[in-house]
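Let us walk through this model together, moving from whole chains to single residues. Please keep the viewer open as you read.

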Amino acid sequence: MVSLPRSLLQLEKPYDITIMLCELITNNTHNNNIALYKCYNANKVFYRKAAFSHWGNKVIENEKKGYEWFYNDSETLIETRLKKGYFYELDIPQFKGRKFQSESIISGNEETIEMLIDFYKDRWSAKDVFAIHGDLALCNFIIDKMNIKLVDWEHFHCSDKEFFGYDIINMLFILIYHESKRTFSLNKRNRDFLRKCYIQLIEGVGNSNKILEKPFQNSKDYLLKFKYRFLINTNINKKFVLSDSPLSVLEHFDSIVTK
Amino acid sequence: MLAPQHNYTNLSSAAGLGLIGLNENDIAVDYGCMLFDSFVYVSRLCRKIVGIIPSSGKLKTFQNRIVKEDVKNYDLVNANYNEQHFNEVFDCVIINSFLEQLIIEIKHGKTIFFDSKIRDKKKDNSSEKIRTQFLETVCNGLRPGGKLYLSYSNKLRIRTLLLFVKLSIESFFTAFSLKKALSFISLVKAVYLFSYYLLSQEGLEKLLKANGFIDIEKYAVFPNHVHPLKIIPLSKLDECSYEPVQHLYGEGSLRRISAGIKRRVDRIVFRKFKLFGLSPSFIITARKAL
């Protein structure tokens with residue numbers, strides 16, 4: 001028979017603790033050491049990111065910084081709560097609005113993409129400190145009329161303003177990847193649309209910009225040169241399609257948009 | 001006192017424990033210590049964890065691994081489950097591979113519910129009570145409102161049933177007599193009850209309720225409870241969308257083909273027909289009634 005000290009085991013506890021109903025949505029994606037839960041607490045639904053290592057703690061803390069940077073003047077930030085225990089947890093409110101599949105394509109989303117480029121230009125230009133989201137994709141936007149929310153800030157980092165446009169180019173490349181079913185072959189309509197997006201993006205951008213002269217090649221260079229800033233805990237080629245794409249493909253799309 | 005942050009060990013295979021919300025003042029007990037990451041994870045988040053390991057060989061190996069992880073807030077106890085009679089109460093009980101434990105009880109004839117002879121001898125109203133000694137012990141060791149976490153594999157359940165049938169048949173024929181032959185009906189009944197209470201979701205819930213647990217939540221776990229990637233609460237199926245998940249090992253073309261087939265089958269079974277009773281693993285969480 002085993003007996004433990006009573007003083008250690010008997011603690012005063014409130015009896016109203018309930019087990020919250022949760023769904024595990026993803027776990028350890030790209031070895032990020034983080035689990036994402038959807039939590040149902042009474043009538044309230046929210047998302048929780050929980051770390052399972054100290055690497056995960058770093059990523060969650062970074063994500064919180066991303067939310068602070070993006071939502072620093074809104075109520076959303078107040079609802080985003082970071083709990084620093086041995087392993088960190090970040091609670092994120094559930095945003096209402098239109099959501100997009102991770103394998104979204106260009107066709108059928110043209111209006112939204114143009115709207116998001118405008119949104120990026122306005123929002124990013126208005127910030128005192130320039131930053132990179134790091135994983136901007138259609139599936140990370142939640143759009144409720146003109147109210148645009150952006151989630152998944154794990155790869156957030158501050159950067160130089162010369163790299164303005166990186167996030168949008170990364171998003172366009174992901175769309176190309178899915179639109180072409182990984183063949184990188186697009187029809188004329190899509191190619192024309194890409195060029196339109198590029199013109200929209202470069203409008204008003206200064207000559208010192210280090211991305212937009214050869215947008216796809218320069219974005220890949222940025223990603224590889226500063227990969228430590230993205231807090232990647234796996235082979236970067238497995239995480240970002242841009243980093244794994246051959247030079248010929250990137251040159252091809254650069255020529256399409258800049259011709 | 002919680003361990004200092006000194007390493008980067010990834011414990012994400014313990015993601016299932018995120019369902020029960022561990023607190024830093026909690027004291028937990030892990031019956032069997034079947035999953036090392038779970039034990040370490042709980043030790044990181046709780047004030048203390050007690051591990052009960054029946055095998056002394058396994059205990060030694062387990063202890064060596066714990067030392068490497070610099071876990072200090074733990075006690076390991078080398079004893080059979082049924083020999084535990086804690087006077088103290090725990091905030092949380094963790095049981096992985098729960099059904100294996102019931103088999104041990106059945107083998108040693110300690111499970112009141114499944115021993116029809118004991119029930120017959122009692123001849124009182126309590127004979128209809130659904131109980132297992134193990135679950136009763138678990139419940140007694142929990143403080144009111146304390147949390148129970150059970151994880152088990154669906155395959156294990158089928159194996160467990162087969163093992164139970166084998167044990168029952170063996171014991172039936174080892175000392176054959178006319179009296180035993182007459183009690184054949186009892187054997188069939190025991191197999192039926194076992195399959196009902198342990199193999200059906202409804203039956204298992206009844207068993208837990210009968211042992212003093214409330215707020216029982218059942219979860220389907222994919223691709224397994226050892227390294228879960230997706231956990232779906234069965235009470236929220238309407239709000240959850242299932243996408244096939246699997247661990248990919250190797251990159252051979254045969255593996256890719258079989259993974260592709262499995263994805264398609266999973267989509268049909270779980271997304272279209274929502275047959276979550278066929279999930280590869282399950283987790284059950286519950287609380288002890290106040």
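The paragraphs below take up the chains, then the nonpolar cores, and then a few individual residues.

First, some ground rules: this is a predicted model, in which local features need pLDDT of at least 70 and side-chain atom pairs count only at pLDDT 80 or more, while totals for chains, interfaces and linings use all residues. Residues are numbered from 1 along each chain as its sequence is written, chains are lettered from A and ligands numbered from 1 in the order in which they are written, and side-chain values use heavy atoms, with hydrogens and water left out.

Let us begin with chain A, which has nine helices and nine strands. Helices (H or I, at least four residues) and strands (E, at least two) are DSSP runs, numbered from the N terminus. The C-alpha trace of chain A spans about 80 × 35 × 35 Å along its principal axes. Of the 259 residues in chain A, 56% are buried; buried means under 20% relative accessible area, exposed over 50%, and partly exposed in between (1.4 Å probe, protein chains only). Chain A exposes about 12400 Å², with 48% of that supplied by carbon and sulfur atoms. These areas come from the Shrake-Rupley method with a 1.4 Å probe, and for residues only the protein chains shown count as cover. If you look at contacts (heavy atoms within 4.5 Å), 66% of those in chain A between residues at least 6 apart in sequence join residues at least 24 apart.

Now turn to chain B, whose secondary structure comes to ten helices and eight strands. Here buried residues make up 52% of the 290 residues. Among the contacts in chain B between residues at least 6 apart in sequence, 69% join residues at least 24 apart.

What lies inside? In soluble globular proteins, nonpolar side chains tend to be buried together. A nonpolar core is here a set of buried Ala, Val, Leu, Ile, Met, Phe, Trp, Tyr and Cys residues joined through side-chain atoms within 4.5 Å. The largest such core has 126 residues, and A:Tyr37 and A:Phe253 have the most contacts inside it. Helix H5 (residues 166-179) of chain A gives this core its largest share, nine residues. Apart from it lies another core, of 34 residues, including B:Leu193, B:Tyr197, B:Leu198 and B:Leu204.

Next, find A:Ile60 in helix H2 (residues 54-70) of chain A. Is A:Ile60 buried or exposed? A:Ile60 counts as buried because its relative accessible area is 0%. Beyond four places in sequence, its contacts include A:Ile34, A:Leu82, A:Tyr88 and A:Leu90.

A:Lys127 sits between helix H4 (110-125) and strand E6 (131-132) of chain A, and it counts as buried because its relative accessibility is 11%. Its side chain makes a polar contact with the side chain of A:Asn72 at 3.4 Å. Such a contact is a pair of N or O atoms within 3.5 Å; within protein, one must be able to donate a hydrogen and the other to accept it, and residues adjacent in sequence count only if both atoms are side-chain atoms.

A:His30 is in the loop between strand E1 (21-27) and strand E2 (34-41) of chain A. With 33% relative accessibility, A:His30 is partly exposed. A polar atom of the A:His30 side chain lies 3.2 Å from the backbone oxygen of A:Lys238.

A cis peptide bond, with omega about -10°, joins B:Phe222 and B:Pro223, and B:Pro223 is in the loop between strand E6 (213-222) and strand E7 (230-233). B:Asp70 is not a glycine, yet has a positive phi of about 60°; B:Asp70 lies in the loop between helix H2 (56-68) and strand E3 (74-78) of chain B. B:Lys274, also a residue other than glycine, has a positive phi near 50°.
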